[in-house]
Amino acid sequence: MAGLYVHIPFCAKRCIYCDFYSNTDMGYKEACMDALLCEMDVRRDYLQGETVETIYLGGGTPSQLSPQDLEKLLNGVFRVFSVSDNPEITLEANPDDLSDGYISALTHLPFNRISIGIQSFDDRELRLLNRRHTAQEAFRAVTRCKDAGLTNISIDLMYGLPEQTTEIWQHNINKAIELDVSHISAYNLTYEEETVIYKMMECGKLKPVEDELCEQFFRILIEKLTTAGFVHYEISNFAKRSDSYPDGRISLHNSSYWNGTRYLGFGPSAHSYNGKCRSWNISSISAYIRAVSDGSGEFYETEVLDERARYNDFIITRLRTMWGVSLDELRREFGKEREHYFLEKSEAFMRLNMLKVKDNFVKVTSEGIFVSDAIMRELIAL
């Protein structure tokens, strides 16, 4: 089993919080499309023939591409790679791109999952974030997708925004629940260096929300979504239960990042992982196009992971999920000494009821999740 990620770097305009690589110059589009298809051929052996189970088009804003562009990319994937009979194929989209015509065209392509970047149902917050849509447009975009038969829908929300109150946050969650989507990802706003919002904070134009209030937002999120029938399967991700999905409609692609599945990323700044090494493409669309298209140089860097790095990745990714760390897998992959180290470090958190052992899996508890980053820092090998 393996996953493919295609990074579409184009955005109509930049959001003030985003530190993902993007470019607002659509003049690069055709050359970038050709480079993406070329990279698929160049790196086709990276997954060593494993069957591709998930395909994810992220960005940037993939919905800035035309349906014809999307079809061209997917045809390239199916031509180069061995894809399973029923893969999960996700398209990230902005609400304002999802017109009736665009959605209709998507229904003739093999996408079976849509991830919509809504972030908020409050127009003041959307203006602050420099989003292109309004709350009403976001609501209508989801409704149009469902009416067209695209029912596996995920939406993104953000909390901890400047001047956000518990009333605004609860309103955002209530609107998300009202839409009856299959998946919700909710992220605490972070102030990454080089972003516009970080510079606004540095010069005093806005003030970050206090940590205690962000924790309150997180508690509200968990309580309201779990009450509404969502499974909290990863720190930032919630999957809706249904008769067809009693354990929740979990994102298979995102889960591959947390369970050690191999994945290959295409496009500028895309990352890849094959169990032994990580690699990442250069974060420049012009340099990426030039290097891939004419073979003028390496377009990615590689880090071979030593045992310590692999162990740390294993602990950090597994503890983010509701499944936790399998002690059997830990011992099998890293030996009894690492298992002993992990259990010894975990003991203090177990006494505090922040970690628990169940069926030979070590998991973060409902209270431990609020300090999970601190727990992980203590459990990794320095």
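## A pair across two strands

Val-325 stands opposite Val-362, a residue of strand β15. Strands here are DSSP runs of E with at least two residues, helices are DSSP runs of H or I with at least four, and both are numbered from the N terminus. The model is predicted: local features need pLDDT of at least 70, side-chain atom pairs count only at pLDDT 80 or more, and totals for chains, interfaces and linings use all residues. Residues are numbered from 1 along each chain as its sequence is written, and side-chain values use heavy atoms, with hydrogens and water left out.

β13 and β15 (residues 361–364) pair in the antiparallel sense over two bridges; two strands pair if DSSP finds at least two bridges between them. These strands belong to an open sheet of three, in the order β13-β15-β14, with antiparallel pairing. Its edge strands, β13 (325–326) and β14 (355–358), each pair on one side only.

## Two crossing helices

Packed helices are described by the angle and the distance between their axes. The axes of α11 (residues 307–319) and α12 (residues 327–351) come within 11 Å and cross at roughly 90°. Axes are lines fitted to C-alpha atoms, for helices over the stretch in contact, and angles run from 0 to 180 degrees between N-to-C directions. α11 is therefore roughly perpendicular to α12, a term for angles of 65 to 115 degrees.

The contact (heavy atoms within 4.5 Å) involves residues including Tyr-311 and Phe-314 of α11 and Phe-334 and Tyr-341 of α12. By class, the contact has seven nonpolar, no polar and seven charged residues. Ala, Val, Leu, Ile, Met, Phe, Trp, Tyr, Cys and Pro count as nonpolar, Asp, Glu, Lys and Arg as charged, and the others, Gly among them, as polar.

## Backbone details

The peptide bond from Gly-59 to Gly-60 is cis, with omega near 20°. Gly-60 is in the loop between β2 (52–59) and α2 (67–80).

Asn-130 is a residue other than glycine with a positive phi, near 65°. Asn-130 is in the loop between α4 (123–129) and α5 (135–147).

Definitions and conventions: Angles under 35 degrees count as roughly parallel, over 145 as roughly antiparallel, 65 to 115 as roughly perpendicular and the rest as oblique.
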